[in-house]
Each structure stands twice: as C-alpha cells, then as structure tokens.
Amino acid sequence: MQGFGLRGEISSAWRDIDSLRSFLGFAGLYPWRFFFSYLPWSYKTMRGSDRIVAVSDESAAETRKEFPLFADKVRTVYNGIDTSVFRPDRDDGAAARARLGISPERRVILMSGTATRQKGFREGMAAFAALGPAPEPLLVIAGDGPELPVLKRRAKELGISSRVLFTGAVSNQSMPALYNSADVYLNPTLRAEGFGIVVAEAMACGKPCVVSFSGGTGSTITGGESGFFVPPGGIREMTEKMSLLLKDGELAERFAAAARARALEKFDLKKTTEAYISISLEVLKGGKKK
C-alpha cells in the first residue's frame with residue numbers, strides 16, 4: 001500500500017481543489033471512482049493476497065481500520081533508499097551550489113517534488129517569505145508540474161522573486177547533490193502521504209527537516225530529534241521551525257546527525273529487501289492468511 005487508504009485518497013483529492021473547475025471534476029469523478037472502482041478493487045485485491053505490505057506505520061494502521069477483515073495480513077515495510085548514494089557529501093553540495101550560482105555562505109531551504117497543489121508549495125513559500133530578508137536565505141524549489149506558473153506568480157506577489165530559485169525538473173541521480181547543497185529540507189505537503197520518500201532521502205543526506213505531519217510522513221523523522229513536525233498548512237509553524245534551524249547551528253547539526261542515523265537504521269534499501277524476503281518466507285512456511 002503506497003497510499004494512505006481510501007479516506008486518504010479522497011482527502012488528498014479534496015485538498016487539490018483550487019477552482020470551480022477542479023471542484024466539479026472532483027464531484028463528478030470521485031463518487032463513481034470510490035464506490036465502483038477503488039473500493040471493490042481494493043477489497044478483491046486484499047482478499048486474494050497472502051500479505052498486504054504498507055509503506056508506513058500510519059498507512060498500515062489506516063488499512064487495518066478500513067479493511068478489518070484483512071487486518072492480520074498487513075505488514076509494514078518502509079520504502080527503501082540507497083544510503084550509499086543518498087549520503088552526506090559536502091563536495092557534492094558545493095558543486096551543486098556552484099552549478100546553480102549559489103554562494104557558499106548563503107543559507108538554503110529546499111523543497112522538491114512534482115509541483116501540484118497537494119504538495120503545499122504555496123504554503124511553504126509563504127512560510128519562507130515570513131522569515132524576512134535577514135540573513136538573506138534562498139528558497140530552492142526543485143521539480144516541474146502544473147503548479148509551477150502559480151508559484152512563480154506567487155513569488156512576485158510576495159516580493160521574494162530574487163530569493164526563490166526554480167530549478168525545474170531534476171533527475172534522481174542529481175538529487176543527492178541537491179540535498180547536500182541545502183541547509184534545511186522543507187516538506188509542506190497537504191496530501192495524506194503513504195510515506196514521504198523525499199524526506200527519507202534528505203535525512204539520509206544528513207539534512208534537518210521540517211515536515212508536514214500528514215499520513216505516513218509520521219514514519220520519517222523523529223519529531224524534536226531529527227527534525228520538526230508541523231501541521232499541514234501551518235505557515236506560522238513552518239516559519240518558526242525553519243528560523244530556529246537557520247539560527248541555531250548546534251541544533252541543526254544535532255538533527256542532521258540524528259536524521260542520517262535514523263535513515264540508516266530504518267530506510268536503508270538492504271533492510272527493505274530483507275523485510276520483503278522475510279515476509280515471502282513467512283508466506284511459504286505458514287501458508288495463506290484467510
């Protein structure tokens with residue numbers, strides 16, 4: 001289960017509405033999709049499965065709640081990342097800054113992902129704008145998508161165009177260097193996430209994170225130890241936590257080390273592989289769950 005259950009799917013689609021047209025699309029599509037496609041497909045799939053793997057503790061709990069008949073089939077295996085590729089690397093970070101024209105002393109906040117309304121980039125930008133000009137931080141937004149023109153207009157309206165850098169689409173191979181170029185990673189998602197792979201990648205690169213607590217993002221950082229959780233859409237809270245991490249270097253370094261350690265312990269690709277092998281052997285040895 002990569003998502004956050006049926007209710008999560010609906011709530012995420014609801015949060016994507018930002019116009020009459022998108023509302024009419026939601027009203028016309030989702031009742032049919034839910035009752036005649038998604039719900040029966042999910043039930044049939046779970047009934048025919050030996051095990052159901054959810055990518056976060058929250059997703060697993062939601063699946064058990066929505067499909068109690070199959071609760072004993074559900075297991076949690078976090079999405080895995082290659083921590084030998086996503087790792088702290090000052091030289092890669094410096095090289096990425098040079099390519100993007102960012103000075104070594106500039107403080108950088110990074111957001112990344114497909115630019116859709118659900119990602120909360122508007123709220124993240126508003127929180128960044130509230131930081132004020134000192135010490136002249138830079139917001140880097142990596143990714144492409146339908147929300148990008150809106151974000152560029154919004155940057156002008158907020159008077160921060162000179163402090164926002166849009167990189168466009170970035171390949172997965174280039175993302176480790178981009179993470180390493182940042183001081184703080186911000187994930188302001190409004191979506192009920194299944195997990196939050198970008199947060200895990202940033203953690204593996206040793207970055208303190210400010211994360212919207214939405215669905216499975218709760219399985220990423222440890223709040224107050226490797227980053228800060230904020231409520232979805234919590235502009236004031238995002239501003240406060242980003243400001244704290246930018247001003248308190250000792251705290252940021254402590255969070256960075258804890259983030260890397262947690263990524264190695266929980267999200268390393270080898271551990272994900274081992275977990276899937278273990279579940280497969282469980283099925284082979286124990287038979288099907290009814």
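**Figure 1. The salt bridge between Glu-237 and Arg-236 in the predicted model.** Glu-237 pairs with Arg-236 through a salt bridge (a side-chain nitrogen of Lys or Arg within 4 Å of a carboxyl oxygen of Asp or Glu), and the closest N and O atoms of this pair are 3.3 Å apart. Glu-237 is partly exposed at 22% relative accessibility, whereas Arg-236 is exposed at 52%. Here buried stands for under 20% relative accessible area, exposed for over 50%, and partly exposed for values in between, with a 1.4 Å probe and protein chains only. This is a predicted model in which local features need pLDDT of at least 70 and side-chain atom pairs count only at pLDDT 80 or more, while totals for chains, interfaces and linings use all residues. Residues are numbered from 1 along each chain as its sequence is written, and side-chain values use heavy atoms, with hydrogens and water left out.

**Figure 2. The salt bridge between Asp-89 and Arg-87.** In this pair the closest N and O atoms lie 3.3 Å apart. Asp-89 counts as buried, with a relative accessibility of 17%. Arg-87 is partly exposed, its relative accessible area being 35%.

**Figure 3. The salt bridge between Lys-119 and Glu-193.** The closest N and O atoms of Lys-119 and Glu-193 are 3.8 Å apart. Lys-119 sits in the loop between β3 (108-112) and α5 (121-129), and Glu-193 in the loop between β6 (184-187) and α8 (197-204), so the pair ties together parts that are 74 residues apart in sequence. Helices (H or I, at least four residues) and strands (E, at least two) are DSSP runs numbered from the N terminus. Lys-119 is partly exposed at 24% relative accessible area, while Glu-193 is buried at 11%.

**Figure 4. The salt-bridge network of Arg-51, Arg-75 and Glu-282.** Salt bridges link Arg-51, Arg-75 and Glu-282 in a network. The count of salt bridges comes to twelve.

**Figure 5. The buried residues of helix α3.** Helix α3 spans residues 57-66, and its buried residues are Ser-59, Ala-60, Glu-62, Thr-63 and Glu-66. These residues cover an arc of only 165° around the axis, which puts them on the same side of α3. The arc is taken from the directions from the helix axis to the C-beta atoms. An α-helix has 3.6 residues a turn, so residues three or four places apart point the same way.

**Figure 6. The setting of the close-up views.** The protein has eleven helices and eight strands. Of its 290 residues, 48% are buried.
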